[in-house]
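Please look over the structure shown below before reading on.

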Amino acid sequence: MSAVGTLGSVVINVTDYEGEKAFWSAFLGVGVLREFPGFCWLEPQHEGGISLALQQSPEPGPTDGRLHLDTGVADLDAAVAEVERLGGSFVEDHEIMGFAWKIMADPEGNRFCIAVASD
């Protein structure tokens, strides 16, 4: 079976962005890998590991929840088509500082993000 996406990070929606960043960095013993305003990926704990990411949220609600997965794909349009073929759905596009991603939902409405995988 061929994979559509590769799991890159688990994202926590947080209201106290700086406090949570300090907590999780210390707890996991890692630094910040990459950061945009209100969003950061922490370094994986080991080579090839999954990253924890934090996303500023005014108040996580029933549609965006507390946690979601970020995945890397080879081609955004092809991945959207495959997610839809599998029974999922497209939710919305996003871009910040040249980084683009799409929010998708699985058949039960659980949201996850897809972006072009980086090497």
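Rings of Phe, Tyr and Trp, the last taken by its six-membered ring, are said to pair if their centres lie within 6.5 Å, and planes over 60 degrees apart make the pair edge-to-face. By this rule the count comes to 8 aromatic pairs. The model is a predicted one, and the points below should be read with that in mind.

**Aromatic rings**

- Phe36 is buried, with a relative accessible area of 12%, and Trp41 counts as buried at 10% relative accessibility.
- Ring pairs join Phe36, Phe39, Trp41, Phe99 and Trp101 into a cluster.
- Arg34 lies over the face of Trp41, at 4.5 Å from the ring centre, and Arg34 also lies over the face of Phe99, at 5.2 Å from the ring centre.

**Helix α1 and its two sides**

- Helix α1 has 12 residues and reaches 16 Å from its first C-alpha to its last, which is close to the 16 Å expected at 1.5 Å a residue.
- Which residues of α1 are buried? They are Tyr17, Lys21 and Ser25.
- An α-helix has 3.6 residues a turn, so residues three or four places apart point the same way.
- The other side of α1 carries Ala26 and Phe27, which are exposed.
- What do the buried residues of α1 pack against? Their partners are the strands β1 (6-14), β2 (32-36), β3 (39-42) and β4 (51-56).
- Gly29 follows α1 and has a positive phi, near 70°.

- Ser25 sits in helix α1, which runs over residues 17-28, and a relative accessible area of 14% makes Ser25 buried, because the word is used for values under 20%.
- A polar atom of the side chain of Ser25 lies 2.8 Å from the backbone oxygen of Lys21.
- Leaving aside its neighbours within four places in sequence, Ser25 is in contact with Val30 and Leu42.
- Glu20 is likewise part of helix α1, but at 28% relative accessibility Glu20 counts as partly exposed.
- Not counting residues up to four places away in sequence, Glu20 touches Val14 and Leu54.
- Glu20 and Gln56 are 36 residues apart along the chain, and their C-alpha atoms are separated by 9.7 Å.

**Helix α2 and its surroundings**

- Where α2 starts, a side-chain oxygen of Asp75 reaches to within 3.1 Å of the backbone nitrogen of Asp77.
- Helix α2, spanning residues 76-85, has Leu76, Ala79, Val80 and Val83 as its buried residues.
- They cover an arc of only 105° around the axis, so they are on the same side of α2.
- The face of α2 turned away from this buried side carries the exposed residues Asp77 and Arg85.
- The buried residues of α2 pack against the strands β5 (67-73), β6, β7 and β8 (111-116).
- Just after α2 comes Gly87, which takes a positive phi of about 110°.

- Where does Met97 lie? Its place is in the loop between β6 (89-96) and β7 (99-105).
- Although Met97 is not a glycine, its phi is positive, at about 50°.
- Is Met97 buried or exposed? At 63% relative accessibility, Met97 counts as exposed.

Terms used:
Residues are numbered from 1 along each chain as its sequence is written. This is a predicted model: local features need pLDDT of at least 70, side-chain atom pairs count only at pLDDT 80 or more; totals for chains, interfaces and linings use all residues. Side-chain values use heavy atoms; hydrogens and water are left out. Helices (H or I, at least four residues) and strands (E, at least two) are DSSP runs, numbered from the N terminus. Buried means under 20% relative accessible area, exposed over 50%, partly exposed in between (1.4 Å probe, protein chains only). A polar contact is a pair of N or O atoms within 3.5 Å; within protein, one must be able to donate a hydrogen and the other to accept it, and residues adjacent in sequence count only if both atoms are side-chain atoms. Contact means heavy atoms within 4.5 Å. The expected span of a helix is 1.5 Å times one less than its number of residues. Rings of Phe, Tyr and Trp (its six-membered ring) pair if their centres lie within 6.5 Å; planes under 30 degrees apart count as stacked, over 60 as edge-to-face and the rest as tilted. A charge sits over a ring if NZ of Lys or CZ of Arg is within 6 Å of the ring centre and within 35 degrees of the ring normal. The arc is that of the directions from the helix axis to the C-beta atoms.
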